[in-house]
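Thanks for sending this one over for a look. Here are my notes, in numbered points, to read next to the model.

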Amino acid sequence: MGIYFLLFIVGLCWGQYNPNTQPGRTSIVHLFEWRWADIALECERYLAPNGFGGVQISPPNENLVIADPLQPWWERYQPVSYKLCTRSGNEAEFRDMVTRCNNVGVYVYADAVVNHMCGGNAGAGNYSTCGSYFNAETKDFPAVPYSAWDFNDAKCKSRSGDIEDYQDVPQVRNCRLVNLLDLALEKNYVRSKIAEYMNYLIDIGVAGFRIDAAKHMWPGDVKAILDELKDLNTKWFSAGAKPFIYQEVIDLGGEPITGSQYFGNGRVTEFKYGAKLGMVIHKWNGEKMAYLKNWGEGWGFVPSDRALVFVDNHDNQRGHGAGGTSIVTFWDARLYKMAVGFMLAHPYGFTRVMSSYRWPRYFKNGVDVNDWVGPPSNSDGSTKSVTINADTTCGNDWVCEHRWRQIRNMVIFRNVVDGQPFSNWWDNGSNQIAFSRGNRGFIVFNNDDWSCLYALIFSCLFPPARPTAAA
């Protein structure tokens with residue numbers, strides 16, 4: 001009885017760290033701004049056959065609509081209500097997507113925007129994706145409902161009401177993030193409305209959540225919401241399975257808020273991973289791939305079983321979020337394939353692959369002034385479908401890095417070597433490295449400015465003589 005009880009408690013504690021993917025599927029993909037109908041198709045025709053474990057989707061709740069034909073991508077992060085109605089599709093299409101993806105073993109992780117509502121300068125008469133009335137200036141969101149009592153403005157001590165000092169912990173967690181109305185998450189009513197929304201998604205069949213802007217919420221408030229969540233839907237998941245939780249906590253060091261403060265709630269997004277790997281792949285500041293031998297915790301990252309890792313995400317591939325110009329993106333395809341390949345070959349963390357769209361980049365004073373542009377759209381503002389070319393790449397300005405041959409093959413590689421030790425490291429002291437994953441996989445990287453891996457080739461062609469029994 002005592003042993004059974006202990007195992008039960010351990011299971012409860014570890015549930016939120018488990019991505020719930022099927023055995024042999026070890027990576028997920030972020031299909032950024034895809035329509036629900038296209039995601040359903042992609043689960044069936046590509047993700048399941050190629051061993052992807054799940055898909056992170058853009059926020060599924062109703063949001064503010066900016067009056068612009070190129071509706072900004074960040075609209076999706078300005079909630080108006082928790083109705084399931086966005087430019088990705090309506091609730092019926094959302095339910096169909098979740099069902100179809102789950103039926104082929106590709107699970108869905110929803111981007112949960114629960115720190116805030118839309119920007120405080122959005123007054124009455126603005127548009128929303130479901131047509132719900134709201135007035136952000138008076139903090140009136142009747143479709144939830146939220147009122148002025150449900151926001152943190154009275155607790156914020158900055159002069160502007162926005163976050164001004166990231167060394168001031170109460171300010172970071174109580175003030176507005178770029179003018180977004182900060183919810184009073186210490187209130188049981190607010191917590192209950194958020195949990196109600198997340199539980200609704202769990203009932204539909206989602207497997208977990210990315211918690212957007214977790215750094216801007218008190219860890220205890222996040223925990224209180226997560227404690228109200230249901231177990232996953234037993235139509236697709238085992239009884240007692242908990243939703244997978246990974247929290248967006250940008251922690252590059254030097255600030256009082258750290259990723260470790262959120263470990264009790266689930267995994268955290270390890271932003272140092274992409275920032276530092278980018279420095280190595282770019283060979284900046286004297287960094288070399290040879291230095292990756294102790295990659296992971298040895299580089300100051302959070303423990304592997306608490307980390308969700310990625311080369312780039314929807315923020316920092318545009319220069320936002322964290323990492324700056326060191327972040328490697330699809331715009332430099334050769335380096336990007338190498339970076340993602342290394343991530344998928346190395347055992348550290350739980351891996352997420354990015355899948356993007358192109359936008360018309362235009363640099364002014366070193367800044368991309370078009371980084372706000374939304375997904376490929378038709379003349380009426382609706383999102384274009386993801387078309388598939390004859391060579392299996394994507395059209396309509398969808399990049400689909402997850403369909404690049406090298407990245408697809410490395411997703412499969414990671415599945416094959418899962419659980420095998422990181423061993424047999426070799427490097428040339430510079431930017432040529434190789435290592436094995438037990439006896440199931442061996443991989444070589446060459447990021448030097450010459451094509452041959454001389455030392456490795458020599459050792460393979462002319463191996464040292466094996467000692468005799470007498471020796």
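1. Let me start with a pair of side chains: are Phe342 and Phe445 buried or exposed? In this predicted model, both Phe342 and Phe445 are buried. Phe342 belongs to helix 8 and Phe445 to strand 17 (residues 441–446), so their pairing ties together parts that are 103 residues apart in sequence.

2. Before going further, a word on confidence. The protein has a mean pLDDT of 92, and 92% of its residues reach 70 or more. Residues 1–13 have pLDDT below 50, and this stretch has one contact in the model beyond near neighbours in sequence. Over residues 464–471 pLDDT also stays under 50, with zero contacts beyond four places in sequence. Where pLDDT is low, the predicted coordinates should not be read in detail.

3. Now to the fold. Eight strands make a closed barrel in the order 1-2-4-8-9-10-11-12, and the pairing is parallel. From one strand to the next, the twist averages 30°. Helix 8 (residues 333–345) packs on the sheet, where it touches strand 1 (27–31), strand 11 (307–309) and strand 12 (350–355). The direction of helix 8 makes about 155° with that of strand 12.

4. How many of its five residues are buried? Five of the five are, so strand 1 is largely enclosed by the rest of the structure. Both faces are covered, with Ser27, Val29 and Leu31 on one side and Ile28 and His30 on the other.

5. Strand 1 has partners at strands 12 and 2. Five bridges join strand 1 to strand 12 in the parallel sense, and Ser27 stands opposite Thr351 of strand 12. With strand 2 (residues 54–57), strand 1 pairs in parallel over three bridges; here Ile28 faces Gly54.

6. The aromatic side chains deserve a point of their own. The structure holds 35 aromatic pairs. Phe342 and Phe445 form an edge-to-face pair, at 5.9 Å centre to centre with 65° between the planes. The ring centres of Trp425 and Phe435 are 6.0 Å apart and their planes are at 5°, so this pair is stacked. Trp425 sits in strand 15 (residues 422–427) and Phe435 in strand 16 (residues 432–437), so the pair ties together parts that are ten residues apart in sequence. Trp425 and Phe435 are both buried.

7. Which rings have an arginine over them? Arg318 lies over the face of Trp359, at 4.3 Å from the ring centre. Likewise, the charged end of Arg403 sits over the ring of Tyr46, 4.1 Å from its centre.

8. Last, a glycine in a loop. Gly321 is found between strand 11 and helix 8. Why is Gly321 called partly exposed? Its relative accessibility is 46%, so Gly321 falls in that class. Leaving aside neighbours within four places in sequence, Gly321 is in contact with Ile250 and Asp315. Gln56 is 265 residues away from Gly321 along the chain, and their C-alpha atoms are separated by 18 Å.

How values were computed. Residues are numbered from 1 along each chain as its sequence is written. This is a predicted model: local features need pLDDT of at least 70, side-chain atom pairs count only at pLDDT 80 or more; totals for chains, interfaces and linings use all residues. Side-chain values use heavy atoms; hydrogens and water are left out. pLDDT is the predictor's confidence in each residue, from 0 to 100. Contact means heavy atoms within 4.5 Å. Two strands pair if DSSP finds at least two bridges between them. Helices (H or I, at least four residues) and strands (E, at least two) are DSSP runs, numbered from the N terminus. Axes are lines fitted to C-alpha atoms, for helices over the stretch in contact, and angles run from 0 to 180 degrees between N-to-C directions. Rings of Phe, Tyr and Trp (its six-membered ring) pair if their centres lie within 6.5 Å; planes under 30 degrees apart count as stacked, over 60 as edge-to-face and the rest as tilted. Buried means under 20% relative accessible area, exposed over 50%, partly exposed in between (1.4 Å probe, protein chains only). A charge sits over a ring if NZ of Lys or CZ of Arg is within 6 Å of the ring centre and within 35 degrees of the ring normal.
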